[in-house]
Amino acid sequence: MQKRTLRDLEVSALGLGCMGMSEVYGPIDDDESVRVIHRALDLGVTLLDTADLYGDGHNETLVGRAIKDRRDEVVLATKFAILGASRGGTVRVDNSPEYVRAAADASLRRLGVDVIDLYYVHRRNPETPIEDTIGAMAELVRAGKVRHLGMSEVSSETLRQANAVHPITALQSEFSLFNRELANDQLKVCAELGIGVVPYSPVGRGLLTGQLPTEFGADDFRGGLPQFQGENLTRNIALAQRVQDLAKTLGVTPVQVALAWLLAQDEHVVPIPGTKRRKYLEENAAAVDVELTADQLAEIDSAVPSGAVAGDRYGPGGMAAVNR
């Protein structure tokens, strides 16, 4: 597995997003999820991503169980701030210094570790000055509970303000062939400030895989997202078909095209595709060996132009909580 850096933090070129092991993408299987995490470590994947929100703490407990005897192989990332949200509803966010400290201690207990390698603000609440939030997180660094600080789904202005208080190691935001808003603004600011970029949902929540279910069950939150509804879904599946066609000409899978495209955007971009299956994990990991030429990248950009995807990433409540 190749290595990359998020500021001065060395990680594998691809990480593993663990959210789906606990919620939102259908049935879960803890034992198989542990096997997936172990296989990821065997393949050289070091960056594991979780959050206190996922499964209401279940995901952190699961990840902690999986890495109990392999802690030194892991760059452990988790997040705080979202207190919960109904499907498509308003996201409740707490960025207060008091909550920063309480949330970190709770995550450390669930993960069963002494230190979190990369600690993110999951969403921003503008009612709390970002200087206060980052100041409290910096205290965690000084206390030895956290090593590096990150932010998720924030604006360039917020990134600059936060980085002035304490170096920000990584920005985690949705970024893929289908959702490229990050490339229009924050990606350039991250390069300027030396901040690494960690794209989540790098294959469009499965849209770019060509293997969507025929319908979404009650335990699959994609059914409530605008990009997966009605005419939007029809249009987006047609876009995804273009990626599948290109993948055939390159002799790789659509997922590998999508991940290789992201890796080519900047040397400090580290996608975190999520999966609950070892075979998909291995397919993802092989994407680091797919080298796209300038002509191939241009062909991909032409096939799926920026802004071509139909529908917002989230419902109104979710969209109101991003890019703050």
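Strands here are DSSP runs of E with at least two residues, helices are runs of H or I with at least four, and both are numbered from the N terminus. Two strands count as paired if DSSP finds at least two bridges between them.

A word on the model: it is predicted, so local features need pLDDT of at least 70 and side-chain atom pairs count only at pLDDT 80 or more, while totals for chains, interfaces and linings use all residues. Residues are numbered from 1 along each chain as its sequence is written, and side-chain values use heavy atoms, leaving out hydrogens and water.

Seven strands make up an open sheet with parallel pairing, in the order β3-β4-β5-β8-β9-β10-β11. β3 (16-17) and β11 (196-200) stand at the edges with a single partner strand each, so one side of each has no neighbour in the sheet. Helix α4 (residues 130-142) packs on the sheet and touches β5 (75-80), β8 (116-121), β9 (146-152) and β10; contact means heavy atoms within 4.5 Å. The direction of α4 makes about 155° with that of β9.

## Aromatic pairs

The whole structure holds four aromatic pairs. Rings of Phe, Tyr and Trp (its six-membered ring) pair if their centres lie within 6.5 Å; planes under 30 degrees apart count as stacked, over 60 as edge-to-face and the rest as tilted. F80 and Y99 form a tilted pair, 6.5 Å centre to centre with 50° between the planes. F80 lies in strand β5 and Y99 in helix α3 (residues 97-111), so this pair ties together parts 19 residues apart in sequence. F80 is buried at a relative accessible area of 0%, whereas Y99 is partly exposed at 21% (buried is under 20%, exposed over 50%, partly exposed in between, with a 1.4 Å probe and protein chains only). Ring pairs link F80, Y99 and Y119 into a cluster.

## Two helices side by side

The axes of α7 (230-250) and α10 (residues 294-303) come within 9 Å and cross at roughly 160°. Axes are lines fitted to C-alpha atoms, for helices over the stretch in contact, and angles run from 0 to 180 degrees between N-to-C directions. α7 and α10 are therefore roughly antiparallel (over 145 degrees; under 35 is roughly parallel, 65 to 115 roughly perpendicular and the rest oblique). L239, R242, L246 and L250 of α7 make the contact with Q296, E299, I300 and A303 of α10.
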